[in-house]
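Me: I would like to learn how to read a few features of a protein structure. Please take them one at a time, with the general idea before the case.

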Amino acid sequence: MEQMLPLLRNATRRTADLVESIGEEQHALPTPCAEYDVKALINHLEWGASLFESLAADGPMIPEKEYSGDFRERAERMLAVWERPEAWEGVSPGLGLPKPVLASMCLCDLLAHGWDLAKATGRTYEINEEEAVVLLGFVQQMAPTGRQRGAFGEEVAVPDDAPALDRALGIIGRDPSWTA
């Protein structure tokens, strides 16, 4: 909790700022996450914030709903749950995974999709080295399961000496040099 919570706070703030900077005229742009255009990816982030809020509070899996434009509000509610020590204890009944793993999944979702949105819209999304190293460690450990469950794409080859972020992106199926 001591290491992950500040990372979640920073990633949430940065992602919310990015989402709010995107205009409707960019909603139809493609993203590196091939299943989603910009609007659908923001919708996915909205759902993810509500989902991780529910799971961290011992709630159920929740269905994805239509885009509503309220990512920051959802993300703030999610963070409020992660601020409570009990959110980090035990196993989530809704997904059957240890709560710290859920927190890592949440961070991965925020960072990867924040990067996707920035690439798609020509914005910057600075992921610091600490975040990149934590992300890389998580995706290296979870890649087989992530692919099996459809959360990660097929690995994109990235040089072994590439920055941690590029290696993490490659593992989850993103081409770090993607352009629209």
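Me: Which residues line the largest cavity?

Reply: Rolling a probe the size of a water molecule over the atoms shows where empty space is left. On a 1 Å grid over the protein atoms alone, a cavity is a set of points where a 1.4 Å probe fits but cannot get out, and lining residues have an atom within 4 Å of a point. Here the largest cavity is lined by Leu45, Gly48, Ala49, Phe52, Phe71, Met78, Cys106, Asp109 and Leu110. This is a predicted model, in which local features need pLDDT of at least 70 and side-chain atom pairs count only at pLDDT 80 or more, while totals for chains, interfaces and linings use all residues. Residues are numbered from 1 along each chain as its sequence is written, and side-chain values use heavy atoms, with hydrogens and water left out.

Me: What volume does the largest cavity have, and how many cavities of 30 Å³ or more are there?

Reply: A volume is the space filled by probe spheres set on the grid points, which are joined across faces, edges and corners. The largest cavity comes to about 40 Å³, and the count is one cavity of 30 Å³ or more.

Me: Which helices supply its lining, and what classes of residue are in the lining of the largest cavity?

Reply: Helices are DSSP runs of H or I with at least four residues, numbered from the N terminus. At least two lining residues come from each of α2, α3 and α4, and α2 has the largest share, four residues. For the classes, Ala, Val, Leu, Ile, Met, Phe, Trp, Tyr, Cys and Pro count as nonpolar, Asp, Glu, Lys and Arg as charged, and the others, Gly among them, as polar. The lining of the largest cavity has seven nonpolar, one polar and one charged residues.

Me: What is a pocket, then?

Reply: A pocket is an open set of grid points with protein on both sides within 12 Å along at least five of seven lines. The largest pocket holds about 760 Å³ of space. Its lining has 31 residues, and Met105, Asp109, Gly150, Ala151 and Phe152 lie nearest the centre. Asp109 is also one of the residues lining the largest cavity.

Me: Which helix gives the most to the lining of the largest pocket?

Reply: Helix α2 does, with six residues. α2, α4 and α5 (129-148) each supply at least two. By class, this lining has 19 nonpolar, eight polar and four charged residues.

Me: How many salt bridges are there?

Reply: A salt bridge is a side-chain nitrogen of Lys or Arg within 4 Å of a carboxyl oxygen of Asp or Glu. The count by this rule is 10. One of them joins the side chains of Glu83 and Arg9, at 2.8 Å from N to O. Glu83 is in the loop between α3 (71-82) and α4 (99-121) and Arg9 is in helix α1 (residues 4-21), so this pair ties together parts that are 74 residues apart in sequence.

Me: Are Arg174 and Asp116 buried or exposed?

Reply: Buried means under 20% relative accessible area, exposed over 50%, and partly exposed in between (1.4 Å probe, protein chains only). Arg174 and Asp116 are both buried, and they form a salt bridge with the closest N and O atoms 2.8 Å apart. In the bridge of Glu155 with Arg147 the closest N and O atoms are 3.8 Å apart. Glu155 counts as exposed because its relative accessibility is 53%, whereas Arg147, at 23%, is partly exposed.

Me: Which side chain of opposite charge is nearest to Glu46?

Reply: Lys and Arg count as positive and Asp and Glu as negative, while His and the chain ends are not counted. For Glu46, in helix α2 (residues 38-56), the nearest is Arg74, 4.4 Å away. Glu46 is buried yet has no salt bridge. Contact means heavy atoms within 4.5 Å. Not counting residues up to four places away in sequence, Glu46 touches several residues, including Tyr67, Phe71 and Arg74.
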